Structure formats: C-alpha cells, structure tokens
Amino acid sequence: MTVPVSIDDLRRVARRRLPRIVFDYLEGGALDEITLRSNTTDLATLRLRQSIMNDVSDIDLSTTVLGQTLRTPVLISPMGLLSLFHRDADIALARAARDAGTVFVHSAWSGMPLKKVAAAAPGAVWCQAAIWPDQRLVDQHLDRAEEADIPVLVLAGDVSVSSKRERDLRNGFTMAARPSPRSVLNAATKPRWVANFLFGPKITFGDQSIDGRAMNLREMGEFMHDDNAAMTWDDVIRIRKRWPGKLAVKGVMCAQDALRALDAGADAIFVSNHGGRQFDAQPSTTAALSEIAQAVDGQAEVLVDSGIRRGSDLVKMRALGATASLIGRPAVYGLVHSGEAGVAAVLDILRDETATALAFTGNTTLNNLNASALAPRTNDASPHATHTLHTP
Ligand SMILES: Cc1cc2nc3c(=O)[nH]c(=O)nc-3n(C[C@H](O)[C@H](O)[C@H](O)COP(=O)(O)O)c2cc1C
C-alpha cells in the first residue's frame with residue numbers, strides 16, 4: 001500500500017474498503033449536500049497572504065484550548081456509531097489524539113461507553129451530551145462524565161430535528177438494518193469489512209441500556225429518533241448549573257445564538273453545521289465564523305469544524321477568529337485505513353501542513369494570527385467572493 005500523503009489519499013482508501021452503504025453514511029450530507037460542499041469549497045477559495053524573509057526556523061504549533069495546552073492544533077469532533085468503521089473505534093481515536101497531544105470528543109451516540117474510552121486515554125477525552133427529552137438520561141450522562149474526570153462537556157445543540165440524508169434512505173441505511181438489495185450486493189465485494197461486522201464485537205450503544213444490557217442497533221435507532229424538538233436555552237442554563245466543568249455549545253451558526261450561548265454561561269461557542277449533515281440551506285462554517293467571532297469578542301473561546309482537510313484550513317480558521325479547529329470525517333478515513341495508526345497519520349499530516357502554511361504566512365505560532373493573514377480574493381466566482389476582510 002502506498003504511504004498516504006494527504007487526507008484525500010486516506011479518503012480514497014476508505015471509499016475502496018467500505019461497503020457503499022457505510023461509506024455513504026460517513027460521507028453524506030443533508031438533502032442536496034449544498035452546505036456539505038460549500039464547507040470545503042469556501043475554505044478552498046479563501047487565500048492566505050505569503051510573507052517572506054521572516055525567521056520561521058522555530059515553529060510552535062501548541063495552542064491552549066479551554067485550559068488545556070495542545071501540541072497538535074486540531075481536535076477530533078464527536079461522531080456516533082464509529083464501531084461501524086473499525087473495531088477499536090473511539091478508543092483508537094482517543095489514543096491517537098492523546099499521543100499527538102490533542103483531544104477526542106466522545107459522542108453522545110457513541111457505540112462505546114464513555115468510561116472505557118476515557119480510561120484508554122486519560123486527559124485526552126472530552127464528552128458530548130445531548131439534551132434528551134428525558135432529563136434523567138441527561139443527568140446520568142453528566143454524572144458519568146464527572147466520574148470519568150472529563151474536563152469539557154460539548155452540548156449537541158443542532159439536533160432538535162434530524163435532516164433527511166438521502167444517500168442513507170436510498171441505500172436502506174437504517175438502524176433496523178434493512179439494506180437495499182443493491183447495498184447487500186455491494187457489501188459482498190468488501191469481505192474484510194463484512195467479516196469484521198459479522199464476527200467482530202457486536203455493535204451496541206455504549207452508554208444507554210435496557211434492563212441492564214447495552215441497546216442493540218434497532219433499539220438505538222428508536223432511541224436516536226427521539227429528537228428533542230422542544231429544547232431551548234433554558235435547558236442549557238439548567239445543565240450549566242449542574243455541570244462543574246467547562247461547557248461548549250455545538251452547532252452555533254449565527255452571532256445571535258453565540259450571544260445567547262454566552263448568556264447561558266457557555267465557555268466555548270462551537271461553530272458547526274454538523275459537517276453539512278443537518279440543515280442544507282445554511283452557509284459554510286467559514287462564511288459564518290468571522291461574524292460570530294466578532295460578536296463573541298473574546299468573551300468565550302470559539303471552536304469550529306466542518307470541511308477542514310488541509311493544514312492551511314486550520315490557519316485560515318484561526319485567521320477568521322477561531323480559537324481551535326476540529327475534524328470529523330478525516331479522522332474516520334484514518335481509522336478505516338489502519339485504526340489508531342491511521343488516525344495518528346491524519347493528525348501528523350495536518351500538523352505538518354499547518355507548520356508549512358504558517359511559515360509561508362511569516363508566522364511561527366498560530367496565536368498571533370488574525371484577518372491580516374488573509375489575502376483579498378480577486379477573480380473569484382465563489383458566492384462569498386465579497387467576503388470583507390477585517391484587517392486591523
Ligand atoms: C459519521 C458521523 C457521525 C457524526 N456523529 C455526530 C454526533 O454523534 N454528534 C455530533 O454532534 N456531531 C456528529 N457528527 C458531526 C461531527 O461532529 C462534525 O461536526 C463534522 O463531522 C465536521 O465536519 P467534517 O466531517 O467535514 O470535518 C458526525 C459526523 C459524522 C461524519
């Protein structure tokens with residue numbers, strides 16, 4: 001196998017190895033996938049300003065996020081059902097993050113118990129909670145997080161409703177495991193994945209149980225469909241009162257919500273459109289970020305994800321005002337490639353690319369970056385070509 005040199009190399013391996021139905025679950029977005037595409041295209045159309053003859057011999061990528069100093073300036077976002085991709089799933093991501101000196105966020109819909117994942121990589125795991133309609137479930141999860149010494153809780157803010165992901169519907173990707181005949185035929189061409197699925201550890205719901213046993217896939221499906229359309233900022237305020245650690249709210253996509261999150265006591269505003277998997281009529285996070293960062297004005301940290309595939313993307317997000325960036329799918333490409341080692345390769349690639357991009361901008365740390373690192377865009381047909389630079 002050739003050595004992967006980019007995130008896209010790893011993505012191609014994942015596409016080859018996974019049954020179409022599973023790859024589409026990973027890759028797909030809501031409806032027409034417009035937001036999904038704009039996450040990457042808007043980042044790609046942003047340009048960085050090159051500056052030469054600066055002493056860039058001593059690059060320091062370390063950055064402090066919510067009180068934790070990270071050696072690698074990219075974290076891993078929460079993702080549910082990772083057991084579909086590799087038997088080590090969350091544990092591989094958590095260990096690779098720990099070894100790279102960064103953090104993995106355990107999903108509220110993970111197939112592995114929080115306690116087990118946190119114990120595999122102490123200090124390198126944050127966790128997500130959802131505002132489930134049954135408050136007792138939320139409180140139980142907060143207790144679990146406290147017991148596991150989790151420093152940061154990431155609230156799933158953008159799941160009041162679930163979007164239609166048409167690839168999944170067409171493929172018959174349902175938790176009741178009713179794949180379409182075409183999906184079954186295609187899976188038959190990926191015997192390695194099928195063998196692991198059939199004979200590997202059973203896929204269950206890590207922290208939710210029924211009568212003392214972990215939920216199975218079908219039961220998980222029913223549980224996950226139980227959206228909480230009635231949730232409001234009052235729920236965030238209640239959780240803030242109960243949770244002693246740092247709190248981030250994920251899914252903030254406008255300045256007004258960022259200010260509401262601040263009022264509710266959030267320590268971090270997590271700008272995310274769920275990697276284009278939820279609301280398909282909204283902008284990329286790149287397009288939303290600077291307005292939000294300006295509104296927050298240093299009162300909280302600003303995290304961002306969705307569409308990051310290159311080290312230069314991390315530099316761009318920083319220049320737009322993010323404290324730190326996170327990746328979702330790229331970490332899974334690494335996981336599919338070679339488990340923990342593959343995730344480590346992803347973090348390595350991004351770290352190397354970030355160092356080089358930073359040096360080209362004439363900087364030795366991410367900490368002093370601001371919009372002046374962004375070059376004005378000309379001859380650019382993108383819908384965001386009029387993006388104004390907030391040069392100090
Ligand atoms: C397979 C998959 C599962 C996901 N599950 C969750 C989840 O459980 N909770 C959540 O808040 N976001 C979830 N997300 C969204 C990610 O946290 C993140 O926002 C998104 O993947 C970032 O975009 P990127 O994949 O382009 O980097 C999921 C994303 C993927 C690809």
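Reply: Strand β10 gives the most to the lining of the second largest pocket, with four residues. The model is predicted: local features need pLDDT of at least 70, side-chain atom pairs count only at pLDDT 80 or more, and totals for chains, interfaces and linings use all residues. Residues are numbered from 1 along each chain as its sequence is written, and side-chain values use heavy atoms, without hydrogens and water.

A pocket here is an open set of points on a 1 Å grid over the protein atoms alone, where a 1.4 Å probe fits, with protein on both sides within 12 Å along at least five of seven lines; lining residues have an atom within 4 Å of a point. The volume of the second largest pocket is about 570 Å³, taken as the space filled by probe spheres set on the points.

Its lining comprises 26 residues, and G157, D158, S160, G251 and D257 lie nearest the centre. At least two lining residues come from each of α11 (233-242), β10 (246-252) and α12 (255-263); helices (H or I, at least four residues) and strands (E, at least two) are DSSP runs. By type, the lining divides into 11 nonpolar, 11 polar and four charged residues, with Asp, Glu, Lys and Arg counted as charged and Gly among the polar.

As a further element, helix α14 spans residues 311-319 and contains D313. Just after α14, G321 takes a positive phi of about 115 degrees.
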